[in-house]
Structure formats: C-alpha cells, structure tokens
Amino acid sequence: MEQEKDTYYKDLLSENEELRMQLEEANDTIHAIRTGQVDAFVVESDGGHQLYTLKTADQTYRVFIEKMNEGAVTLNRDGLILYSNSRFASMMGMPLEKVLGLSFDKFIPKLSRKKFNKLIANSWEEDCKEEIILQGKNDSLIPCLLSCNTLEMDEGIALSLILTDLTILKEAEQQLKQKNEELQAAQNATKKLNDKLEDTVRERKSELFISREHFRLLANNIPQMTWTSLPDGEANFYNQQWYDYTRLGNFQTKELALKEIVHPDDLAITMEKYKAALASGNVFEVENHYRNGADGSYRWHLNRAIPLHNDDGKIILWVGTATDIEDQRKAMEKKDEFIGIASHELKTPLTSLKGYLQLLASYKKDELPPSIKTYVEKANSSMNKLQRLVNDLLDVSKIQAGRLEYKLGKINLALLIASWVENAEHIYPNSNFHNQANDDFWIDGNAERLEQVLMNLINNAVKYSPDNKNIIIKTLRQGDKVRVSVTDFGIGLSGEQIERIFERFYRVEDKKFMAGGLGMGLYISAEIINAHNGKIGVESTPGKGSTFYFDLPLI
Ligand code: ADP
C-alpha cells in the first residue's frame with residue numbers, strides 16, 4: 001500500500017514536472033508572440049480554441065515576406081486566413097487586422113469560384129500556379145497570379161498562397177493589345193494603299209507604254225526629222241528619218257551633234273538661235289542646210305522646236321522638227337528670178353511710154369483738143385502707179401538677191417520731211433496732213449530710200465483710213481535715236497496682223513478693207529530701215545487707227 005502510494009506520488013511528481021515544462025514552453029511561446037518573434041493565431045474549432053504559430057518564426061523571413069511585393073497568405077483546411085502580409089491587405093483594400101481570420105472565400109467573386117475551388121482542392125495535393133480574378137474593395141476585380149504551396153505548421157498542414165497583382169500587367173497587356181490592333185489596322189490600311197498604288201503604277205505604266213509607242217509611231221511616220229531634247233539642250237531622241245537622212249548612228253549623232261550635219265555657214269546662227277530659245281523658253285525657228293549623209297549634198301531645212309511645260313510651268317522637254325524646204329526654196333528662188341526678169345522687162349517699155357506721154361503733155365493747150373489733154377493726165381497718173389509697182393517688184397527681187405544698195409549722206413530730217421509732206425499733199429489733195437516734224441535732227445541716210453519709206457507709210461495711212469482723213473507726221477527724240485511716225489485714224493490692225501505685216505507679200509485678208517497693193521511696201525520699208533541700222537514698228541488698235549514709226553540713229 002505504502003509502495004503503491006509512493007509510485008502514485010512519483011507519477012504525480014513527474015506529471016507535475018511535465019506540466020510545469022509545458023507551462024514553461026507555453027510561457028515561452030506567449031513571450032515569443034508578445035515580442036513579435038513568431039506569428040500565431042487562436043482559432044475556435046470543434047475541439048475548442050486552437051493556437052496556430054509558424055513553425056519557423058524567423059525574423060528574417062518575416063521581414064522578407066512583409067516587404068515582398070506579392071501578397072502572401074496562409075490558409076487552414078477550412079480556408080480561413082491564418083496569416084497575411086500587409087501587401088495582401090492593401091491589395092484587397094482592407095486593414096491587416098481585419099484580414100486575419102477571414103475566410104479567403106470573401107475575396108473570390110462568383111466568376112472565379114469554380115476555378116478557385118478546383119485550384120485549392122488540387123493545391124493540397126501538389127503545388128499549383130494559376131491566374132485568377134479576386135474581388136477587392138468596392139467589388140473591384142483584381143487579376144492575380146496565384147501560386148499555392150502546402151506549408152507544414154506545428155498545428156498541421158496549412159496552405160500558403162502567394163498573389164502577384166497582375167492589374168498593371170493586364171492593363172499593359174490590354175494597351176499592347178490595343179496598340180497591336182491599331183498597328184494591324186494601320187498595316188491593313190497601308191497594304192490597301194500599297195495595293196492601290198501598285199494598281200495605279202501598273203495602269204500608268206501601261207498608259208506610258210501606250211503613249212510612248214504612240215509617240216514613236218507618230219514620230220517615225222511623219223516625213224520630217226524629229227527630235228526631243230532636255231531643258232539644257234541635250235538631245236535624247238531622234239526619229240528614224242533623222243538616221244535615214246544623216247546616215248549617222250546613235251553614237252555619232254551624240255558625239256558630232258550639229259557641227260557635222262549643219263552647213264558651216266549656217267552653224268553660228270543655228271547655235272545662236274538655239275541657245276537664245278533655250279534661255280528664253282521661246283519657240284526656236286531657223287532655216288539652215290543639213291547634209292544628206294547619202295551623197296554629202298546639203299538641203300534647206302526649216303527647224304522648229306517648241307518647249308513642253310509641266311504643271312508648274314517649268315520646261316521639261318523640247319520637241320523639234322526639221323522640215324525639208326529645199327523644193328520650196330528653189331520654187332521661191334525661181335519666182336524671185338521671174339519677178340526680177342519680168343519687172344526689168346516691164347521697165348523698159350514703161351520708160352519709153354512715159355517719155356512719149358511727157359512729150360504729148362508738153363504740147364500747148366491750143367495745139368491739142370482739151371479732152372486729149374485730160375486723157376494724157378489720166379494716162380500719166382496710171383503710168384506713175386504702174387511705175388511704182390514695177391519699182392517695188394524690182395526692189396523685192398534686189399533684196400532677195402542681196403543687192404539693194406545705196407549711198408548714205410548727212411540728212412536734215414525736218415527739211416526733207418517738209419518737202420515729202422508737200423509732195424504727199426499734192427498727190428492726196430483730200431487728206432489733211434499735220435506735219436509736226438519741226439525739230440532739227442541730223443541722220444546718216446539715203447534721202448531717196450527714206451522718202452520711199454515715208455511715202456509708203458503715208459500711202460498706207462491714206463489707203464486704210466476710209467473715213468477720217470487726218471494724218472499726223474511727227475519726229476521725236478528717243479535717246480540716241482530719232483523716231484519718225486505717221487499716225488492715221490483708220491481701220492487699224494490686230495496683234496496677229498501686226499506680227500506679219502512686214503513679211504514679203506503679206507496682206508490682211510479682210511474683204512471689207514481690201515485696197516490695191518501686193519504686200520510689198522512694208523517689206524521693202526523694213527529692209528531699208530534695217531540697212532540704216534534702224535528699227536521699224538507699229539502701234540495700232542483695230543477700228544481706231546495706227547501709228548507706224550521708224551527709229552534711226554542720230555549723228
Ligand atoms: P500693200 O501694198 O498691200 O498695202 P504693205 O506691205 O504696204 O502692202 O502693207 C501690208 C498690209 O498691211 C496691207 O495689206 C494692210 O492690210 C496692212 N496695213 C498697212 N498699213 C496699214 C494702215 N495704216 N492701217 C491698216 N492696215 C495697214
């Protein structure tokens with residue numbers, strides 16, 4: 001009995017000792033919790049209150065977990081939150097102390113429920129990682145990467161969840177996606193544009209091909225030689241006729257250019273006019289001799305080139321032609337020759353006729369019946385007209401042959417003009433001449449030829465002014481020149497007509513105002529004034545009248 005007591009006492013003692021040790025351990029734990037060395041939590045379960053602590057309550061890991069950018073929580077089997085770092089609490093928009101002890105389900109929205117349950121069920125078996133949407137403050141949805149691992153704790157196995165907030169990532173992804181879509185749209189638009197551009201280029205190419213072939217066909221089918229050149233004058237195309245006529249190859253044509261083909265006598269003027277046209281952009285026109293490559297002979301050609309402008313008005317190409325005018329030139333020469341011979345042949349009988357008429361006119365009144373006297377006067381006036389025509393014809397043929405020669409002398413214009421106007425008053429008694437050429441101007445000239453010019457201008461002024469008979473003759477100093485002008489108030493001339501009236505045999509073809517004449521007067525006048533180093537011109541308004549003038553250098 002005594003021994004039984006002793007054993008019981010010993011058991012009590014050791015039990016006491018064990019309890020004391022447990023108490024001490026519990027005290028240590030409580031102390032550790034109090035001092036923050038371990039995390040612990042008391043949970044009420046079926047078996048009463050239960051205290052949970054982290055098995056490795058190491059300060060370093062605690063701080064590490066606390067400072068992590070990810071949310072970290074620990075769940076027990078019932079899904080209650082045993083531990084949470086403050087990052088998780090802030091992710092969910094709650095104070096940390098309110099998070100602890102909560103069921104994690106609170107953060108699972110309906111749409112994630114199924115996925116979450118499956119994930120958690122799996123997690124107890126093996127580590128899992130999955131994207132999931134959580135629900136934070138004010139029902140905000142937070143995309144997270146959830147990784148689950150089992151965690152061994154004193155109180156049994158818990159589940160640790162590490163949550164990476166993917167909001168920014170998702171937003172960036174969304175933005176990226178949007179940018180990608182925009183990029184794709186832009187790419188599509190570019191592709192469409194590109195396709196369209198390619199279509200246009202293809203279309204243009206074929207248009208260009210057609211137009212190039214069109215041009216080639218045209219160029220090779222006209223009888224003229226044709227060429228094109230760049231704005232600087234370098235030729236870049238010659239048609240077949242060019243090669244056929246010159247017998248030069250492409251290379252020779254380029255190398256020799258015009259020097260070998262144009263007659264040496266015409267080269268200077270050709271180049272001068274070509275350069276002038278390139279510089280001014282005006283039409284190029286010159287007549288010259290081109291060598292026929294077949295037999296080395298030269299033939300007259302009329303060269304013309306016109307500039308082609310782009311939309312901005314810039315010259316991009318010159319298009320030129322060379323037309324064989326050898327036959328026309330020969331025909332013209334024949335005609336000139338004929339005019340020369342005919343006028344010469346006419347002149348001789350005219351002179352003797354005039355002599356006989358003068359003889360008749362010299363008879364006294366009573367020696368002849370008065371009617372005969374009148375006939376003689378009329379015959380004389382016709383004779384003068386005829387003589388003027390024949391003289392003009394002769395002059396034209398002389399000019400053509402380059403033989404219109406005369407001597408120059410010192411002339412006082414005022415004196416001469418006064419005598420010429422007096423003469424005109426005599427010939428045209430129905431016109432009113434206003435001679436305002438009173439200033440003394442001295443020039444070097446041929447009085448007879450200048451009289452011919454002025455009388456021609458006066459003659460025209462009378463002829464082409466059917467209603468107003470006033471004619472003004474003036475002299476006016478123009479720098480180192482003097483201008484002699486004849487103004488009428490007649491039918492006038494258009495700009496187009498003015499351009500051509502100084503040409504040989506040109507007459508305005510207006511039936512209303514056709515007056516007798518062969519279109520030689522102004523041509524001869526211009527030649528005479530040119531030979532005086534002067535210039536002839538006209539200013540005119542149709543229906544109002546004209547002022548013809550010539551400028552001569554003063555001594
Ligand atoms: P024509 O002998 O035919 O008059 P011209 O050479 O003198 O030849 O003149 C050429 C053309 O110029 C004329 O046919 C005429 O149409 C025109 N013309 C000349 N002078 C005048 C003028 N004063 N007024 C209007 N037209 C004129």
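Trainee: Which loop is Asn-138 found in?
Mentor: Asn-138 sits in the loop between strand 5 (128-135) and strand 6 (141-153). Strands (E, at least two residues) and helices (H or I, at least four) are DSSP runs, numbered from the N terminus. Residues are numbered from 1 along each chain as its sequence is written. This is a predicted model, where local features need pLDDT of at least 70 and side-chain atom pairs count only at pLDDT 80 or more.

Trainee: Is Asn-138 buried or exposed?
Mentor: Asn-138 counts as exposed, because its relative accessibility is 70%. Exposed means over 50% relative accessible area, buried under 20%, partly exposed in between (1.4 Å probe, protein chains only). Asn-138 also has a positive phi of about 55°, although it is not a glycine.

Trainee: And what about the phi of Arg-247?
Mentor: Arg-247 has a positive phi of about 60° and is not a glycine either. Arg-247 lies in the loop between helix 7 (240-246) and helix 8 (250-256).

Trainee: New topic. How many residues has the largest nonpolar core?
Mentor: It has 45 residues. A nonpolar core is a set of buried Ala, Val, Leu, Ile, Met, Phe, Trp, Tyr and Cys residues joined through side-chain atoms within 4.5 Å. Among those with the most contacts inside this core are Ile-417 and Phe-550.

Trainee: Which helix gives the largest share of this core?
Mentor: Helix 13, with eight residues.

Trainee: Why does this core lie between domain 4 and domain 5?
Mentor: Because domain 4 (330-401) and domain 5 (409-553) both give residues to this core. The domain bounds come from an automatic or database domain assignment.

How values were computed. Side-chain values use heavy atoms; hydrogens and water are left out.
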